[in-house]
Amino acid sequence: MIKLDFHPTGRHFLQIPGPSPVPDRILRAISYPTIDHRGPEFGALGLKVIAGMQKIFKTRHPVVIYPASGTGAWEAALVNTLSPGDHVLMFETGQFASLWNKLATRMGLKTEILSYQGSDEVLPQAPGWRQGVQADLIFDRLKQDTGHSIKAVCVVHNETSTGVTSDIAAVRKAIDAAKHPALLLVDTISGLGSADYRHDEWGADVSISGSQKGLMLPPGISFNALSPRAIEASKSAKMPRAFWAWDEIVDMNKGGYWPSTSSTNLLYGLSEAQDMIEEEGMDQVFARHQRWAKGVRSAVQAWGLPIQCADPKLYSPVLTGVITPDGIDADAVRQLIQKRFDMSLGTGLGKLKGRMFRIGHLGDSNDLTLLATLTGIEMGLKLSGVKLSGSGVQAGMDYFSQS
Ligand code: PLP
């Protein structure tokens, strides 16, 4: 038998950038009895959560909900809009952009990935992993594509491996300025619900998200928000699809139902999360994450450690990446903190392995849980022999008490 109560006394500090700590209110909603997914109460629940997702994505168009993790929703966006061998243009902002590129390649699409043109003194091995999408490079590439062989541009809104956001409206403007018909597919898996996101206004064709980050749910459901152009493209797209096919789902969603069995209890949780976001107000939710992020960054700056995101305009409100000094294995620091203080921090992924760790500031948090997080990190850094220029905990206290 596996003992599920893994942790010692007190709450475990889940400070990874998703799955995020789930509020008790959502956990209670998830614990309601499972109902008949073809019965009348279910239809009402389905209609409510779909309308709620439209508000959160800021769209008037259909939002498809899948019983799958974010990776499934990535695949869904591609198979519904493209045909085998189609050319897609991606931008390497970090590990998740790279993984989406790998997935598209495995599916038989012709992928091309653009990278940041520039250097970086702190991380010369991965300069682009400290930056966002460069819309001007997308413009230049699309301008060259006079035959319009590129069918989609794929970008990540909040790169969870680095803590860098990208300007999605600028990417749309670049596509339009190049007078190119490519669709714009956007991964906002870790942005939605914590960072401002506007599917219709920013001109995204498919926006992809997941439950386990800003929506504060456990992992297990994910989303595609559609545009009329994406729906039109899906009518002639030839990638094989059945489970992921939008047409049957959107049709059955009119009554609040799905063709296959839904994740009923996660939808209860989603309904509760939507109520919580609505009660607080979306702008207030975004401002709260910005404030948390500033408090955490003030600590990192006081420690004298570089922040993974090199451009202050692109700091993520969701997570902060911290680069450890040369010779200090960031993973060893993270493991020490987990063992000694029962706190999980995000690991450095891909090219960043061992060079940095990530602090999540999303989900069921508050000023004091974040200050405790900073305390655990400060203790862990000192125990690992890192020379700090000052106390991040003091800087965090100053920020949170005064802001
Ligand atoms: N894209 C981003 C930006 C992510 O943060 C993640 C997961 O953390 C994924 C895609 C993959 O989603 P999942 O792990 O839910 O399949």
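## Annotated domain and basis of the model

The unreviewed UniProt entry places the feature "domain: Aminotransferase class V" at residues 54-303; UniProt positions follow the numbering used here, feature names are shortened, and annotations may be inferred rather than shown by experiment. Over residues 54-303 the chain is 42% helix and 16% strand, with the end C-alpha atoms 41 Å apart. Helices (H or I, at least four residues) and strands (E, at least two) are DSSP runs numbered from the N terminus.

The model is predicted: local features need pLDDT of at least 70 and side-chain atom pairs count only at pLDDT 80 or more, whereas totals for chains, interfaces and linings use all residues. Residues are numbered from 1 along each chain as its sequence is written, and side-chain values use heavy atoms, with hydrogens and water left out.

## Lys-213

The unreviewed UniProt entry also places "modified residue: N6-(pyridoxal phosphate)lysine" at Lys-213. Lys-213 is found in the loop between strand 9 (206-210) and strand 10 (222-226). Its relative accessible area is 8%, so Lys-213 is buried (under 20%; over 50% is exposed and in between is partly exposed, with a 1.4 Å probe and protein chains only).

Leaving aside neighbours within four places in sequence, the residues in contact with Lys-213 include Pro-17, Gly-18, Thr-160 and Ile-189; contact means heavy atoms within 4.5 Å.

## Ligand surroundings

Lys-213 is also one of the residues surrounding the ligand, among them Ser-69, Trp-74, Phe-96 and Gln-212 (a heavy atom within 4 Å). The shell has three nonpolar, six polar and two charged residues. Helix 3 (residues 70-81) gives the most to this shell, with three residues.

A polar backbone atom of Gly-70 is 2.8 Å from an oxygen atom of the ligand, and an N or O atom in the side chain of Thr-160 is 2.5 Å from a ligand oxygen atom. A polar side-chain atom of Asp-187 lies 2.6 Å from a nitrogen atom of the ligand. Taken alone the ligand exposes 390 Å², of which the protein buries 86%; these areas come from the Shrake-Rupley method with a 1.4 Å probe.

## Backbone features

Gly-18, a contact of Lys-213, is joined to Pro-19 by a cis peptide bond with omega about -5°. Pro-19 lies in the loop between strand 1 (13-15) and helix 1 (24-30).

Lys-58, a residue other than glycine, has a positive phi near 55°. Lys-58 is in the loop between helix 2 (40-57) and strand 2 (63-66). His-148 likewise has a positive phi, of about 55°, and lies in the loop between helix 5 (135-144) and strand 5 (150-156).

Conventions
A polar contact is a pair of N or O atoms within 3.5 Å; within protein, one must be able to donate a hydrogen and the other to accept it, and residues adjacent in sequence count only if both atoms are side-chain atoms. Ala, Val, Leu, Ile, Met, Phe, Trp, Tyr, Cys and Pro count as nonpolar, Asp, Glu, Lys and Arg as charged, and the others, Gly among them, as polar.
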